[in-house]
Amino acid sequence: MRFLLALAFSLLLAGPAFAAFEGPGAAPLSPGTGTQEGAALCSAAAVLKAWDDTRCTVEGRLVEKVAGSKDMYVFEDSTGTILVDIDPGKFADRVVTPQNTVRLHGEVDVKHSGERELDVDVLEIIQ
C-alpha cells in the first residue's frame with residue numbers, strides 16, 4: 001500500500017514538470033507572441049520538426065487542395081510548404097483563395113510514416 005501511495009505521490013508531483021515541456025520545435029511563449037488558441041506562432045519549417053500534438057499557429061496561404069481528398073490542403077509560408085487537414089466545417093461557408101492570407105490554429109499530427117501535418121482547429125482569414 002505504501003508503495004502505491006509513494007508512486008501516486010511521485011506522479012502527482014511530476015505532472016506540472018511534464019505539462020510545462022512542449023518538446024523540441026515548440027517556441028517558448030513570451031508576452032505578445034501567443035495566439036488566441038494559446039499556441040506559439042510557428043513557421044511551416046517548424047511544423048516539419050515539431051513533436052506530435054504540439055500546438056502551433058501558422059500564417060500564410062492555402063495554395064492548393066490535395067487531389068482526391070476532401071479536407072487536405074497545401075499551406076505555404078516564407079519557409080516552405082506543409083500539408084494541413086481542415087474539416088469542411090472550419091470554412092464556415094467562407095471562400096478562401098490562394099490570394100488570401102490565412103491564420104491556422106491547430107496541432108501537429110505525426111503519421112506512422114514520420115510525415116507531419118497540421119490538424120487545423122480554427123481558420124481565420126486575415127486578408
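## Nonpolar core

The largest nonpolar core has 19 residues, and those touching the most other members are Leu62, Phe75, Val84, Ile86, Leu104 and Leu118. Two or more residues each come from α2 (44–47), β2, β3, β4 (80–85), β5 (102–110) and β6 (116–125). The model described here is predicted. In soluble globular proteins, nonpolar side chains tend to be buried together.

Leu118 has contacts with Cys56, Val58, Ile82, Leu83, Val84, Asp85, Leu104, Gly106, Glu107 and Val108, leaving aside residues up to four places away in sequence. Among these partners, Val84 and Leu104 are listed with Leu118 among the core residues that touch the most other members.

## Disulfide

A search of the whole structure gives 1 disulfide. The disulfide is formed by Cys42 and Cys56, with 2.3 Å between the sulfur atoms. Cys42 sits in the loop between β1 (40–41) and α2, while Cys56 sits in strand β2, so that the pair links distant parts of the chain, 14 residues apart. The link of Cys42 and Cys56 is left-handed, with -75° about the S-S bond.

Both cysteines are buried: Cys42 has a relative accessibility of 11%, and Cys56 has one of 1%.

## Salt bridges

The structure holds 7 salt bridges. Side chains of opposite charge can pair when their charged atoms come close. One of the bridges joins Asp121 to Arg55, with the closest N and O atoms 2.9 Å apart. This pair links distant parts of the chain, with Asp121 in strand β6 and Arg55 in strand β2, 66 residues apart. Asp121 is partly exposed at 32% relative accessible area, and Arg55 is partly exposed at 27%.

Another bridge joins Glu76 and Arg61, where the closest N and O atoms are 2.4 Å apart. Here Glu76 belongs to strand β3 and Arg61 to strand β2, 15 residues apart. Relative accessibility is 28% for Glu76 and 32% for Arg61, and each counts as partly exposed. Glu124 and Arg103 also meet in a salt bridge, at 3.7 Å from N to O. Glu124 lies in strand β6 and Arg103 in strand β5, so this pair ties together parts 21 residues apart in sequence. Glu124 is partly exposed at 21%, as is Arg103 at 24%. Salt bridges with shared partners join Arg55, Glu107 and Asp121 into one network.

## His105

His105 is in strand β5 and is buried, with a relative accessible area of 1%. The side chain of His105 makes a polar contact of 2.5 Å with that of Glu124. Glu124 also takes part in the salt bridge with Arg103. The C-alpha atoms of His105 and Arg55 are separated by 7.7 Å, although the two residues are 50 residues apart along the chain.

## Buried Asp71

Asp71 lies in the loop between β2 (55–65) and β3 (72–77). Asp71 is buried yet has no salt bridge, and the nearest side chain of opposite charge, that of Lys70, is 5.4 Å away. Not counting residues up to four places away in sequence, Asp71 touches Val84, Asp85, Ile86, Asp87 and Pro88.

## Positive phi angles

Most residues other than glycine have a negative phi. Asp53, in the loop between α2 and β2, has a positive phi of about 70° although it is not a glycine. Asp53 is partly exposed, with a relative accessible area of 48%. Ala92 is also a residue with a positive phi, about 50°, and is placed in the loop between β4 and β5.

Definitions and conventions. Residues are numbered from 1 along each chain as its sequence is written. This is a predicted model: local features need pLDDT of at least 70, side-chain atom pairs count only at pLDDT 80 or more; totals for chains, interfaces and linings use all residues. Side-chain values use heavy atoms; hydrogens and water are left out. Helices (H or I, at least four residues) and strands (E, at least two) are DSSP runs, numbered from the N terminus. Buried means under 20% relative accessible area, exposed over 50%, partly exposed in between (1.4 Å probe, protein chains only). Lys and Arg count as positive and Asp and Glu as negative; His and the chain ends are not counted. A salt bridge is a side-chain nitrogen of Lys or Arg within 4 Å of a carboxyl oxygen of Asp or Glu. Contact means heavy atoms within 4.5 Å. A nonpolar core is a set of buried Ala, Val, Leu, Ile, Met, Phe, Trp, Tyr and Cys residues joined through side-chain atoms within 4.5 Å. A polar contact is a pair of N or O atoms within 3.5 Å; within protein, one must be able to donate a hydrogen and the other to accept it, and residues adjacent in sequence count only if both atoms are side-chain atoms. A disulfide is a pair of cysteine sulfur atoms within 2.5 Å.
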